[in-house]
Amino acid sequence: MRTFFLLVLILAYNLFAQEWNEIKTTEIAEPEKYDIFANSSGIHTLARTGTGVITYYKLNSEGDVQTTSELEPFNGGDFPNIIGTNDKIYAIYKAGNNIRVKYSTDNGNNWIWNSDLDRPTTANYCNGVDAVFQDGPSGGVHIVWATQDGGTSGFETYYRRLAPDNSWPEYKTVTDHSLAQYGGNPSVTVSPNRVHVSFNTDATTSIVGSGEVKSRDKFNGIWQTPQTVVSSSELSVDERLLVRGDYLYLFYNCPNSYDLKYKTRPLATTSWSGYPPIEAELFWFYEDAFEVTKTTNNFIHIIYKKNIDGTGWVFTYKYYDGISWSNEDNFDDNANVLPIGLSSTSNDFFLIWVKTGTPYLRFRQYDAIPLAPQNTSLSSNSGNFGQIRVSWVKNSEADLSLYEIWRKVDIQGNTYELVGTTTNNYFVDPIYLYCPGGGDFYVTYKVRAKDMGNKFSPYSNEAGIRAEQLGKKFFTCNSPADYNLDQNYPNPFNPNTKISYSIKEEGLVTLKVYDILGKEIATLVNENKPSGNYEAEFNASQLPSGMYIYKIQAGKFSDVKKMLLTK
């Protein structure tokens with residue numbers, strides 16, 4: 001049994017390792033510092049040259065540059081960070097005596113900035129800026145940075161939150177507690193109701209400085225007592241925080257033993273547990289020598305620089321599946337001292353780095369099978385007598401090629417057939433009408449995604465409806481058998497969405513939108529309607545991101561559904 005289990009693990013690892021695409025040398029020349037963020041529109045990179053120019057590059061999944069924008073052309077930028085969602089991207093960096101934020105709502109084609117987005121900081125030496133994005137009205141962009149404000153031997157770590165409406169509602173000196181008076185090189189991550197910040201107590205500005213590591217949480221708006229995670233018995237050079245499930249992880253680089261280590265604790269406690277090193281004795285002990293990310297399947301992926309028997313440096317990759325760490329996978333020798341950039345979307349992740357001897361940024365993708373499309377639903381495409389519109393939530397893969405739409409008709413048996421492909425997240429059936437009141441057929445649909453590597457996702461959930469063939473618009477297509485309120489499409493949305501509903505009998509119909517606290521936001525329908533299928537459009541361009549509720553009232557029928565606005 002033990003042998004069988006080991007064989008399964010080896011097979012799983014080999015299958016996983018085979019998903020790496022070839023290394024690509026990009027056209028991005030002479031970057032000194034850089035960061036990467038992947039979403040459904042592509043790979044977004046923010047790079048700093050040696051002179052301090054900050055430039056944005058949008059890459060496709062093969063590493064080709066699609067868009068370039070010089071965000072800070074005046075030689076004053078440092079510590080580039082790029083984060084966001086599928087609809088909004090933030091570029092964050094230090095510019096002179098400010099922490100600067102610029103954002104794009106069209107996936108990097110245009111960038112927005114005004115002076116209110118700057119946060120002043122000191123002119124003293126800075127040794128780190130980090131940022132993370134969180135969905136929801138109480139989320140936004142969480143930023144930490146550290147400057148040497150405690151004299152020649154003390155860094156202070158600061159926290160600010162940029163809300164979805166571009167205000168700055170929260171500020172905190174994280175190192176203002178008697179148990180943590182100084183600390184720099186900060187890292188930040190978030191979990192429900194919590195912000196987690198780590199900082200290193202090393203007081204030097206040298207590249208190999210090391211110190212104790214402390215963490216501090218903000219829970220429900222209140223900053224908690226700092227915790228010592230890495231004590232003076234081992235110290236650390238560099239740290240990364242990450243949340244997986246109900247646990248907070250801190251990965252760190254220990255120069256005393258040349259080990260790459262990690263500790264964890266339950267989110268709601270203060271008790272940290274240590275584990276055997278991920279890599280022992282041969283780990284590169286400089287800052288920025290490793291990077292970590294988590295994919296949708298809850299796997300942790302880590303890339304680090306390793307010395308092979310004292311003969312040279314290579315990149316090494318491992319992953320953690322919740323039970324154990326995989327075997328190492330070494331690639332690309334002569335790794336430069338410069339940082340590693342790593343970002344994931346869905347189960348894919350993307351890596352950037354610089355190789356010694358070449359001035360160009362290198363790029364590599366781990367290409368996983370796409371996720372199954374979610375929340376497949378059916379509606380009338382154009383109100384009364386409309387064709388069937390199949391909708392689903394857009395996948396987050398950056399390398400998505402297309403969606404396949406499969407249909408099954410009850411009178412033709414239980415066999416699905418491929419009826420179309422699209423790059424959108426909806427499909428209008430060219431043959432069948434939406435007839436919830438009782439058409440001659442019952443049709444069922446499902447969808448699957450295909451990526452650029454010709455990998456197919458599992459199928460989505462099935463969605464079915466009574467239907468009639470185009471050209472045979474029976475009264476039943478316009479006379480629903482019952483009242484109904486459909487899920488809005490698209491959902492999540494920004495800024496427009498459509499809400500379909502069916503009315504069984506003529507009467508007064510109201511359709512209203514409320515915020516999550518119950519405050520009325522908009523009235524979409526308030527009039528007498530005959531029996532039929534209808535569609536209302538909601539524009540939320542003036543509203544902040546968050547959850548909203550819409551409610552229909554028609555006679556004795558009432559229904560409520562939620563929808564998510566993401567900007």
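**Notes on sheet, loop and surface**

1. T316 has N330 as its bridge partner in β26. Strands here are DSSP runs (E, at least two residues), numbered from the N terminus. Before going on, please keep in mind that this is a predicted model, where local features need pLDDT of at least 70, side-chain atom pairs count only at pLDDT 80 or more, and totals for chains, interfaces and linings use all residues. Residues are numbered from 1 along each chain as its sequence is written, and side-chain values use heavy atoms, with hydrogens and water left out.

2. Strand β25 (residues 313–320) pairs with β26 in the antiparallel sense over 4 bridges; pairing requires at least two DSSP bridges between two strands.

3. These strands belong to an open, antiparallel sheet of 4 strands, ordered β23-β24-β25-β26. At its edges lie β23 (290–294) and β26 (329–333), each pairing on one side only.

4. Now to a loop: S460 sits between β35 (441–451) and β36 (463–469). Is S460 buried or exposed? S460 counts as buried because its relative accessibility is 9%, the limit being under 20% for buried, over 50% for exposed, and partly exposed in between (1.4 Å probe, protein chains only).

5. The side chains of S460 and T376 are joined by a polar contact of 2.9 Å (a pair of N or O atoms within 3.5 Å; within protein, one must be able to donate a hydrogen and the other to accept it, and residues adjacent in sequence count only if both atoms are side-chain atoms).

6. Finally, M547 is part of strand β42 (residues 546–554). With 33% relative accessibility, M547 counts as partly exposed.
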